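Here is a friendly walk through some local geometry, meant to be read with the coordinates open.

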Amino acid sequence: MLLRHTPKEVVERSALTINPAKTCQPVGAMYAALGIHKCLPHSHGSQGCCAYHRSALTRHYAEPIMASTSSFTEGASVFGGQSNMLESINNIFALYDPDIIAVNTTCLSEVIGDDLNQIINRAIADNKIPKGKTVMYASTPSFKGSHVTGYANMLTAMVQNFATNTGKKNKSITLLPSFVEPSDMSEIKHIAAEMGIDYIMYPDTSGVVNAPMDGKFHMYPKGGTPREKIIASGDSRYALALGRVGTFQAAQLLDSKCKVKTEILDLPIGISATDAFIDKLRTTSGVTVPESITVERGQLVDVLCDKAQYVYGKKISLMGDPDILFGLVQFCKDAGMEVIHVITGTPAGAKWDRRIKELAGPNAIVKSGAQADLFYFHQLLQNTKPDLIFGNTYCKYIARDMDIPLIRTGFPIYDRIGHSYFPITGYRGGLHLLVKILDVFMDRQDRDASEEKFELVM
Amino acid sequence: MVEVLEARKQQVLEKGKDTYALECEKASTAGSVSQRACVFCGSRVVLYPIADALHLIHGPIGCAAYTWELRGSLSSGPELHRLSFSTDLKENDVIYGGEKKLYAALTELINEYKPKAAFVYCTCIIGLIGDDVDAVCAKVEKEHGIQVIPVHSEGFKGTKKDGYKAACEGAFKLTGKDNTTPVSDFSINILGEFNLAGETWIIKDYYKRMGIEVTSCITGDGRVGEIGKAHRARLNVVQCSGSMTYLAKMMEKEYGIPFIRVSYFGIEDMSKALYDVADFFNNEKIMENTKELVRSEVSDLLPRLAEFRKDLEGKKAGVYVGGSFKAFSMVKALRHLGMETVVVGSQTGSPEDYEYLKEITNEGTIILDDTNPLELSGFILEKGADLLIGGVKERPIAYKMGIGFCDHNHERKEALAGFEGMLNFAREVHNSVTSPVWKYSPARMKAQEKKI
């Protein structure tokens, strides 16, 4: 078996990452950029990066993922990528006609020191950018952060480039979600809409990376936040950023640049975080929580009560993206499960480590950053075997090796579908998540039951 | 009318209409949504299947993350190649250099996994910060007594093709090591077979039935020890010519081993491959075995293909794959299913390759080099294809247009090589093209309404 040789004994490694629990920034930036309507992500570097990121997103969403590349060659690497970028801008507007080009840098363009600000200004000066069109960029080298950081940087670039304070407030609340699935973006919108709130949300990848099949290939599917909305977010009354690691920087900028009062909440995953989100919407907008939302909550709590005995006391190990882990850990605790390991490859910071430790409990092992990889995760699991793993597709090797059920969450998920259609956020997402958890435990109970204890009703 | 970028006009032609020679082998236009990858990708995909070697990626995390389990190159034994090892360079390393980190990582890994050899892949950044990877590798090689081979595959140093070359240089360094293990007079090396879905095993079985020893397979289900004696085989049989011809040439020059280029896809090409090898050995028994093998395989296969052909007759296909050799085979294989290729292209074809494509396709066929999704989908629609053959990034494009798809790249789970691979191919094409799901495609529904 593939992972047979992972030793149980944990040895400190400093120079080596084995089976990473993260990937690099540009893929997150690309994903965020897809959440703006008629925006073409552009990768400023050699072709490989762009091809990899497109492949990764294509595998995850089973959707055509569009992005262009500066196609660096050795020449560009020596003399700088300015001419490639300018030529790209020309070609992209001529052929693909996006409203926005969202450039992400790569290791290569970062190390040679391409100044994208200067290049874009040059393009503006040379009239290379058609009227009403925008070229924006985010700095996203792979040698810093992770895919979540890349997402955060592109989200920040959206605020930087578009959000405008005209001095006249509008009625809307701005919502900035962290790196979550399009289904989760939809769910967040659903909650805001049910509450009767005038909202602006970006990015919004729903309808872009889970677009319907209509017999045509669309370079730009219907979804995505229109740029006017992002501009208007600078005048919004209030902003709620959901998921600290993915949104902190953008929220801060929206606050300082446009004087929009912003607050950061956890992603509304599980009961308590969703409660907090809804309560915040209620108090900031002066609305009452509608019956429909109360019913959704009631249903989730009801199912949890009905079947609590199947999850109570179960040991859980989680790997994934830092913002999502908050909700998942809290949800596990709400259901009476015991969280024993939490790791993320994203260097989420000391504050994150501390908060998640508090949440998970004193016995949980928590680690983030470079050596928090799947090799380490496997070692932890070999020392204390959980009943269930939450994690991305790559956890399947550990799950199989140790015969532990795996619920796929986070990024990437290459071998299962549904994540882009069924949310884990909100009460409805909580119910979906809970049903998945129950299925896993009840299936296992059925599988392992002795003949005489195998029963119809559970 | 399909829009083609001005700079790319000569990279697209319609057979029978356009008279110019197709432009190719040039860098992609900046700003295009190219399907191509980089030098590193080229070397990584080629060397990846050597299963008992260590593959350490020296660079920031992304390069390792994206090539972890990049393709299903199966191994009949060790599976070290399927893990992902990275020096995960950080900002500080980029500034102060990553040599120490590389040395430490290599040492830790070799102690832990006791590999038979190690490959160290240099990514973009390494080329820029100037780590002396050769020196680190040489030092570790000395200390641990295994070959530690630097693969200079800095992403920007050219195209995927240059990565193939770097890989060939790496693989070449493993040859010429074993001069004692006996090697048969009727022995070959298989080059450029990557054991996707177990294809190497199918091909090896054919050669065995012919009475030929496969001394090594470079690189499918590869072993360092086997490649060590490859230099004493009599013939190199190159399947993925785009990636491995360079190695074959090196081995010809250094060891005097001649090579032939073959394809294992489709009936004609598969049969021809076996006959060409048999011809080379000029041995009656081998030729007899080969004839028997092809006869029995083809007579088993044809009636079964006919079943699929019934439904596929007259359907049209688009083909866009990495290597042009594969494209040739696809055009021929599709013909066996009664299908016409109306759009065909590759990422890396040479002028001769495209001339050959012109020869074997019908009038009106669109031939393209290094295309992009907008062009590709445009031509597919214009020519009314019912099927697209491509790789991971093309699959959802086909589905969105409501047409069938067959993966002929890294992601496929079916063995498509050999005679049984042809049957799998036919089944996959058939099932995809005739799937009832397409009747729900709005485009098809509209077309249907018009007919009524």
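## Helix pairs and backbone details

In chain A, the residues A:Pro322, A:Leu325, A:Phe326, A:Val329, A:Gln330 and A:Lys333 of α13(A) meet A:Trp352, A:Arg355, A:Ile356, A:Leu359 and A:Ala360 of α14(A). Sorted by class, this contact between α13(A) and α14(A) has 8 nonpolar, 1 polar and 2 charged residues. Please keep in mind that the model is predicted.

How are these two helices arranged? Helix α13 of chain A covers residues 322–334 and helix α14 of chain A covers residues 350–360; they pack at an angle of about 15°, with their axes 9 Å apart. Since angles under 35 degrees count as roughly parallel, α13(A) and α14(A) are roughly parallel to each other. Their crossing is left-handed.

Helix α7 (residues 160–172) of chain B packs with helix α10 (residues 241–255) of chain B at an angle of about 40°, and their axes are 8 Å apart. That angle makes α7(B) oblique to α10(B). The crossing of α7(B) and α10(B) is right-handed. By class, the contact of α7(B) with α10(B) has 10 nonpolar, 2 polar and 3 charged residues. On the α7(B) side, the residues involved include B:Tyr164, B:Cys168 and B:Phe172, while those from α10(B) include B:Leu247, B:Met250 and B:Tyr255.

A few more points concern α10(B). Its buried residues include B:Ser241, B:Ser243, B:Met244, B:Leu247, B:Met250 and B:Met251. Several of these, namely B:Ser243, B:Met244, B:Leu247, B:Met250 and B:Met251, also belong to the α10(B) residues that meet α7(B). After the helix comes B:Gly256, whose phi is positive, near 70°.

Next, consider B:Thr290, which is placed in helix α12 (residues 284–312) of chain B. Is B:Thr290 buried or exposed? B:Thr290 has a relative accessible area of 0%, so it is buried. Its side chain reaches the backbone oxygen of B:Ile286 at 2.6 Å. Leaving aside neighbours within four places in sequence, B:Thr290 is in contact with B:Met210, B:Leu274, B:Tyr275 and B:Ala278.

Now for the backbone. Most residues other than glycine have a negative phi, and most peptide bonds are trans. The table collects some departures from that pattern.

| Residue or bond | Feature | Value |
|---|---|---|
| A:Asn19 | positive phi | near 55° |
| A:Phe411 and A:Pro412 | cis peptide bond, omega | about 0° |
| B:Ile218 and B:Thr219 | cis peptide bond, omega | about 25° |

Where do these sit? A:Asn19 lies in the loop between β1 (17–18) and α1 (25–34) of chain A, and A:Asn19 is buried, with a relative accessible area of 5%. B:Glu69 is in the loop between α2 (61–67) and β3 (85–86) of chain B. B:Thr219 is placed in the loop between β7 (213–218) and α9 (224–228) of chain B.

A:Pro412 is found in the loop between β14 and α17 of chain A. A:Gly418 is found in the loop between β14 (406–408) and α17 (426–448) of chain A, and at 13% relative accessibility A:Gly418 counts as buried. From A:Gly418 to A:Cys332, the separation is 86 residues in sequence and 21 Å in space, C-alpha to C-alpha.

Key:
Residues are numbered from 1 along each chain as its sequence is written. Chains are lettered from A and ligands numbered from 1 in the order in which they are written. This is a predicted model: local features need pLDDT of at least 70, side-chain atom pairs count only at pLDDT 80 or more; totals for chains, interfaces and linings use all residues. Side-chain values use heavy atoms; hydrogens and water are left out. Axes are lines fitted to C-alpha atoms, for helices over the stretch in contact, and angles run from 0 to 180 degrees between N-to-C directions. Helices (H or I, at least four residues) and strands (E, at least two) are DSSP runs, numbered from the N terminus. Angles under 35 degrees count as roughly parallel, over 145 as roughly antiparallel, 65 to 115 as roughly perpendicular and the rest as oblique. A crossing is left-handed if the near helix is turned anticlockwise from the far one by less than a right angle, and right-handed if clockwise. Contact means heavy atoms within 4.5 Å. Ala, Val, Leu, Ile, Met, Phe, Trp, Tyr, Cys and Pro count as nonpolar, Asp, Glu, Lys and Arg as charged, and the others, Gly among them, as polar. Buried means under 20% relative accessible area, exposed over 50%, partly exposed in between (1.4 Å probe, protein chains only). A polar contact is a pair of N or O atoms within 3.5 Å; within protein, one must be able to donate a hydrogen and the other to accept it, and residues adjacent in sequence count only if both atoms are side-chain atoms.
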